[in-house]
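Work through the following exercises with the sequence and the model at hand, and compare each solution with your own reading.

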Amino acid sequence: MNLRLRSHRNYVLYASLAAAASLAGCATSGVQNPAGSPVVEMRPDERGKVVGTGIESQDLVAVTDKMARKILATPEIASAQTPPRIVLEPVNNETRFTINKDIFLTKIRDQLIEQAAGKVRFLDRAMMATLEREQRLKQQGLVTATADPNVVEFRGADYFLTGSLQSITTRTTQGTSDYVVYAFRLTDARTSEIVWASSAQIKKEGLEDAAYR
Amino acid sequence: MFCCPSRSLSRRAAGGGWLASLLLLTGCVTAPQMPPIVFTGDPVVDGNAQLAAAPAKDRVLWEYRVAAAALRRGQDAEARAKLDAARATVAGLVSSPSAEAAQARGTFRAESDKPFVGEPYERVMANLYRAVLYWRDGEPDNARALMRDAELIDSDTENKTYAGDWVIPDWLDGYASAKLAGDGTDALARARKSSAHPLPDYDPAANVLVLVEYGRGPRKYAAGDQGEQLKFAADTSRAVSARLEVAGQSIALTPWDDVTYQATTRGGRVMDHILGNKAEFKKTTDTVGDVALAGAVIAAQNTRKEVKRTVIGPDGKPRVVTETVRDKGAENAAIGLAVGGLLAKLLAGAAQPAADTRAWENLPQYLSLATLRLPPGEHPATLTFLDAAGQPLPSRTQTFAIAIPAPDENSVAAAAAAPRDTAVFRSELPD
């Protein structure tokens, strides 16, 4: 009887093992986190769960904040008699990461406008096509004008603000490392002098899963 | 239940077999059914329908396919959106720990369970297509970024002779620098080193970039005893070069890059070692299962033994009789071996060493590049594909127009805008 009971227990054990093995082996459609993750609101300068070695929002916020504060402290801006007029030129991207070319300068511009309290003015060259069309309509008398539309009132730039993103990438079996330098400069439109320049640097590294190597 | 040992044994064995079959079947029928797709013949529409129905792990694959088809049909916005979505997904997957990728390394999960990102040659092609669109959008530096990333993607080949040896990415990297008043000589030198054909010097004043693709790209298949080896095959392309005639110019388009060559010169992957281990596990457990089941059969044949015994007959005389009795040891051994063998076979059956053969199937084999200067206006152009003997393939000849916009000399906006090249992309492939 004891022998029979022991044998019976063995069968149950073997059957359980077989069931476990077959279920584990065949769970091909098993999904991790099937319900997904709820949307979480984060600060742009916060490092989230989804990260890479590329240029990310926290880098943008850190760099532009630093640059805006430094520009405002530049003597040419801080002690100008009349608010200097600045034109933004697209950033030159020399990294291996694609970027929205306007986002760095737009962010710096917005921070300068907020913090400078009228000490600097920006010329909206992105709107020039629209502004020229409007001017033509005024010149043709198709729309009203509050000033003589034949007089050129588009302002010229006192300074150009631009920058470049440069990087050094290293890849080994240990992972990929990206060192990115964000360099910005303010150039006098009349003399071509660089009246201000500054840079920030960020380094990141990581190693992709073996399934992708 | 225990009164008839041989019957009981066979019943249990049969019961075990049914149980195993049931478990296997119930465990494996959970794959979701794809909703039916009504095909229209338009590769972009059909591709989008398949993308909508595809499991999440195949999204990038379908985004790649749709992007290539959209680019060939001049649907730039669609191609741009699909390539950006795919590249964002890939960047997230390869730079952050992925649970799905980790599971795909497991013995009992297939490599194809991981979200598709593509082999390096596929990711390079996604970068190249997106670079064409950046060039069209007047952002050569972003195109250059993608070309630099492409060479990095190709940098971890097993044989370093083939590392970062794409020609067009290096050439375009330097060309973008030259266009942006930078120095592209290093990149040009790298491109020339990798190229089988002489490459032209940069002409920063050129205002047209031409990228032409032809031939069918590589296909993937699984080789090896357990399908654990990822291999590539390609059909022989009839077109092996091309010629563009426009505005009195005849431009020879030799193949600068061969996508099949790039696919086949990567060497082994880290994942190949993992798949090799899975295959070894499958083979070993399968052999163990065979041996155990054979042992079970032998043991089952010996669960009865004959015993001679002296008994006193009815006549009061002793005599020797032969009795067949159960051999409990052999019976238990038979059951143990059978269950063990079954378990080993189940494990072997559940192991999934097959290589992932999902592929971006509408890629080309050859890529040619040229730059030229054209004055403003619309220029009729003829693109002729040539066979190995240099003879035209008339059925594949394409005629089209290259439009060069005239600059608005009086516009401040036009003067302020960065100069923008015309990027011509032509494909021999229909889809």
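**Exercise 1.** Determine which residue in S5(A) is the bridge partner of Gly163(A), and describe the strands around this pair.

*Solution.* The partner of Gly163(A) in S5(A) is Phe184(A). The model is predicted, with local features requiring pLDDT of at least 70 and side-chain atom pairs pLDDT 80 or more, while totals for chains, interfaces and linings use all residues. Residues are numbered from 1 along each chain as its sequence is written, and chains are lettered from A and ligands numbered from 1 in the order in which they are written. Next, strand S4 (residues 159-172) of chain A pairs with strand S5 (residues 175-188) of chain A in the antiparallel sense over 14 bridges (pairing requires at least two DSSP bridges; strands are DSSP runs of E with at least two residues, helices runs of H or I with at least four, numbered from the N terminus). A hairpin through 2 residues connects S4(A) with S5(A).

**Exercise 2.** State the handedness of the crossing of H7(B) and H8(B).

*Solution.* The crossing of H7(B) and H8(B) is left-handed, a term for a near helix turned anticlockwise from the far one by less than a right angle.
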